[in-house]
Structure formats: C-alpha cells, structure tokens
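Let's walk through this model together, one piece at a time.

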Amino acid sequence: MEAKKTKIICTISDLNCDIDFIRELYENGMNVVRINSAHATLEGAQKIVDNVRAVSDRIAILIDTKGPEVRLTPMANAVGFAVKEGDIIEIKDGPECLSISKVLYTNCPTFVNDVPAGASILIDDGSIELYVTAKEESRLVCMAMNSGPIKGRKSVNVPGVHISLPALTEKDKVFVNWAIDADIDFIAHSFVRNKEDLLEVQEILDSRKSHIKIISKIENQQGIDNIDEILSHCYGVMIARGDLGVEIAAEKIPQIQKKLIQRCRARKKPVIVATQMLHSMIENPRPTRAEVSDVANAIQQSTDAIMLSGETASGKYPIEAVRAMSRIALDTEESILTPPDLDLVNVTKPIAAVLARSLVAATLKLPVKAIIFDTWSGRTGRYLAEFRPKVPIYAMCYRGFTMRELALTFDIYGYPFEVTGTKEGFVENSLKILMADGKLESGDLVGFVGGSFNDELGATYMEFKYVP
C-alpha cells in the first residue's frame with residue numbers, strides 16, 4: 001500500500017492483541033497503538049507492549065490515564081433503577097457509599113459543594129439529565145428531565161461547572177510509573193483542564209528522568225478556554241470528541257475541532273482527532289458515508305493523526321477499519337495544498353525552522369522526490385511537516401524513542417540511524433537505507449536538511465542531491 005501521510009492510532013485490548021493481529025494492523029496503516037488504562041490491568045497492558053515490540057520498533061505506544069473524572073459509585077442493585085421524567089433524585093456526599101434507588105453518590109467528596117442550584121447534571125454521557133432544583137446541606141435535590149435507566153459507575157458531567165478533583169488518581173500514578181518502566185512513548189492525560197493538571201504528570205516523569213511525552217486530551221470547556229497554556233506544557237493534543245460532545249452542544253464541536261487544530265499547527269504541536277470516527281464498523285464491514293466525510297474533514301483541517309477506538313479494540317472488523325481509514329487518508333491527502341506563505345509562529349529553533357521552510361518551498365519549484373533529515377529530538381521534522389510538503393519526509397533518528405515519537409507526526413517516517421560525524425556520511429548512509437527500502441531510485445532528486453553529526457542538536461545546513 002502506498003504510504004499515507006496522516007497517521008492512524010488503533011486502540012488495542014489485551015483480549016485481542018496477538019502478534020499476527022498487530023502485524024496485520026501495522027501492515028494496513030497503523031502507526032500508533034493506544035492502551036486505555038480505564039479498561040486494562042498492568043499485566044494486560046504489558047502483554048500488549050511486548051507483542052507490539054515483537055512486531056516493529058517503529059510502532060509508537062500511547063497509554064491513556066483516567067484523569068479527573070466524576071462517576072457514580074457502584075449500585076446496591078447491580079442492574080440499577082429506572083427513572084421517569086419528573087422524578088425527584090437526591091445526590092449526596094459519600095464516595096464510599098453505594099448508590100440506591102433515587103439516592104446517588106459519586107466518587108468526588110466535594111461534588112455537592114461544587115455544584116450549584118440551577119446546574120444540569122448529565123449521567124452516562126447525557127443519557128439521563130438531572131436538573132438541580134435545590135441545594136441543601138450535604139445534598140442536591142434534582143428533577144429527572146427524561147426517562148431511562150441509571151446504573152452504577154456511570155459517568156457524571158456538569159457542563160460549565162468546575163469540579164474539585166485531583167489531576168491524577170492513584171491508579172493513574174501506578175500506570176504512569178509502569179509506563180516509564182515499560183518505555184512507553186506517550187501518556188495521553190484525560191480531562192486536562194489547565195497546565196497544573198499536566199505539571200503533576202510531568203513531575204513524575206522528570207523525577208525518573210523519563211523521555212515520555214504528554215498528550216493533552218481536550219474533553220471539556222476548561223480545556224478549550226486554557227488551550228494556549230496547555231500547549232505550552234505538553235507535546236501534543238487529542239481532541240476527544242466523546243466527552244467534549246457531552247459538555248458542549250454537538251453542533252459546536254466541528255468548529256471547536258477546527259480551531260483546536262489551527263492552534264496546534266500554529267504551535268507546531270501534533271494533534272489527534274478521536275472518537276467514533278468509523279463507529280459503525282464495530283458491527284459493519286463498511287463505514288457510512290457520514291463517517292467517511294468526518295475522517296476526510298479532519299484530514300483536510302490538517303490533523304496529524306486520526307484514531308480508532310472500539311473499532312479495533314472490540315469490533316468485528318478491525319482490519320477493515322484500518323484499511324478504510326488508510327484509503328480515505330490517501331485519497332484526501334491529494335487535495336491538501338502546501339501553504340504558499342509557509343508562516344512561522346512561535347518557533348523555538350529559528351535556524352531549523354527557516355531551513356525547513358526554504359526546503360519545502362523549493363519542493364514547489366523543483367522535482368524533489370523526498371526530504372531527508374537527521375535528528376536527535378525530532379523538532380526539525382515537526383517544522384517540515386507543518387508546512388505540508390507534497391513529498392514524503394524521512395527521518396534518520398539517532399534515538400529509538402525519537403523515531404517512535406515521530407510516528408505521531410504527519411508525513412514523517414523514521415529510520416534508526418547511527419551518528420556518522422560528517423555531512424557526507426549522513427547523505428551516503430541515509431540514501432543507502434532508503435534505496436534498500438524501496439523508497440528512492442537512482443536519479444531521484446532529494447532535499448536534505450540536517451547538521452546533527454555529533455552530540456549537538458539542531459539543523460545547520462540544507463542541500464539537494466541526486467541519488468547516484
């Protein structure tokens with residue numbers, strides 16, 4: 001299959017993670033494996049990691065934290081209870097109490113204090129709406145706005161209201177430390193509200209000198225409002241449209257998605273669009289036309305990556321879902337234009353950024369077949385990718401984790417590479433690797449940007465060469 005530019009993330013369950021299955025996903029377009037810690041044990045997560053590593057050292061691995069999430073406590077009655085529109089429901093403090101019919105408790109000890117009268121409380125992703133008619137000492141009096149079942153452990157959202165929850169649960173801390181030991185590449189932190197939520201994760205990573213990068217999952221209004229400070233403290237962003245769509249009116253999500261992608265691109269940060277992209281393929285072998293349009297729209301808006309959740313974790317047609325996503329990406333990418341102005345915003349390495357811009361601009365005038373760069377950190381590659389060249393970008397990576405980090409960035413495909421010490425060695429060895437892999441042929445014109453020929457970081461030169 002022709003190499004697409006948009007990266008694909010597949011959620012994998014330890015119940016279906018054998019090596020042959022992962023290899024087939026990889027061969028059909030998967031670039032990153034996602035593990036959802038909310039549904040995983042440490043043993044199950046380690047099994048996934050071991051099998052992914054057995055397939056390829058180029059596949060990046062991302063694990064989600066649960067993050068600051070409010071849920072109902074377990075029900076005394078395992079099947080829950082039914083409510084009718086107009087029923088009065090009480091919510092009380094007591095994270096250790098079992099919820100019972102008409103009396104609910106949450107895992108948040110300050111929930112009653114934080115939620116004001118007049119607020120709307122959404123249970124189970126909005127399946128049940130409760131309106132707070134009165135706030136009394138240690139309890140909220142609510143009216144059910146619609147009929148339906150309420151079951152234990154279901155999600156609780158209060159749009160527009162700040163709930164006092166710690167950024168990391170105890171389970172999150174265990175998984176973050178496990179991720180460091182397992183040499184995972186990304187931690188996607190859920191329900192990021194502000195920079196403080198990220199600093200708690202980063203503190204653990206720094207204390208153990210970990211290279212793991214943080215992806216901020218934007219799932220509520222606070223995350224949207226604080227996006228600029230959040231971008232200053234994370235590697236990239238995941239637009240998690242499921243919970244976002246519970247807290248915010250559904251018709252606003254498309255424009256929010258577009259604006260978040262624009263903010264990420266301006267800051268040269270990788271961005272992922274997630275949730276229900278090919279949801280019907282959990283049960284059906286082909287996507288709906290609306291789903292195809294949704295995926296294509298995200299790519300046209302210049303997302304770096306698109307994500308499959310239940311489609312590959314528990315669906316009936318996981319391989320078909322990846323193939324469909326790859327086909328949509330390949331077709332849609334033909335319409336992506338390299339911006340003629342190639343704007344530079346908030347760059348941290350201006351020399352690398354200017355060289356990247358100049359090289360991409362040159363590909364609009366010259367018959368360049370590929371761009372090659374060498375890297376310790378991947379920064380030059382992210383600058384190149386943000387300019388959306390029409391030709392593929394190949395990264396010669398001096399560190400394995402840098403190669404896997406770039407698996408999340410649009411249009412970049414990494415290769416392990418040894419330090420050569422000279423420009424000539426870099427050019428010669430990278431061409432040998434790419435010709436052996438069938439990416440280049442004799443006579444092809446190639447653009448090079450690089451300069452990390454020793455322990456120093458940062459691009460210092462650019463040139464064009466024909467493949468001998």
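Helix 2 and helix 4 cross in a right-handed way; a crossing gets that name if the near helix is turned clockwise from the far one by less than a right angle, and left-handed if anticlockwise. Axes here are lines fitted to C-alpha atoms, for helices over the stretch in contact, and angles run from 0 to 180 degrees between N-to-C directions. Leu42, Ala45, Gln46 and Val49 of helix 2 touch Val174, Phe175 and Trp178 of helix 4, with contact meaning heavy atoms within 4.5 Å. This contact has 6 nonpolar, 1 polar and no charged residues. For these classes, Ala, Val, Leu, Ile, Met, Phe, Trp, Tyr, Cys and Pro count as nonpolar, Asp, Glu, Lys and Arg as charged, and the others, Gly among them, as polar.

A word on the ground rules: this is a predicted model, in which local features need pLDDT of at least 70, side-chain atom pairs count only at pLDDT 80 or more, and totals for chains, interfaces and linings use all residues. Residues are numbered from 1 along each chain as its sequence is written, and side-chain values use heavy atoms, leaving out hydrogens and water. Helices (H or I, at least four residues) and strands (E, at least two) are DSSP runs, numbered from the N terminus.

Two strands pair if DSSP finds at least two bridges between them. Strand 14 (residues 236–240) and strand 15 (residues 271–274), for instance, pair in the parallel sense over 4 bridges. Ile239 has Val273 in strand 15 as its bridge partner.

Now look at another helix pair. Where do helix 10 and helix 12 meet? Val292, Val295, Ala296, Ile299 and Gln300 in helix 10 meet Met325, Ile328, Ala329, Thr332 and Glu333 in helix 12. These residues divide into 7 nonpolar, 2 polar and 1 charged. The axes of helix 10 (residues 289–300) and helix 12 (residues 318–333) come within 9 Å and cross at roughly 50°, which makes helix 10 oblique to helix 12.

Finally, visit an open sheet of 6 strands, with the order 6-5-9-8-7-11 and mixed pairing. Its edge strands, strand 6 (103–105) and strand 11 (156–157), each pair on one side only. Strand 11 pairs with strand 7 (residues 120–123) in the antiparallel sense over 2 bridges, and Leu122 stands opposite Asn157 there.

Technical notes
Angles under 35 degrees count as roughly parallel, over 145 as roughly antiparallel, 65 to 115 as roughly perpendicular and the rest as oblique.
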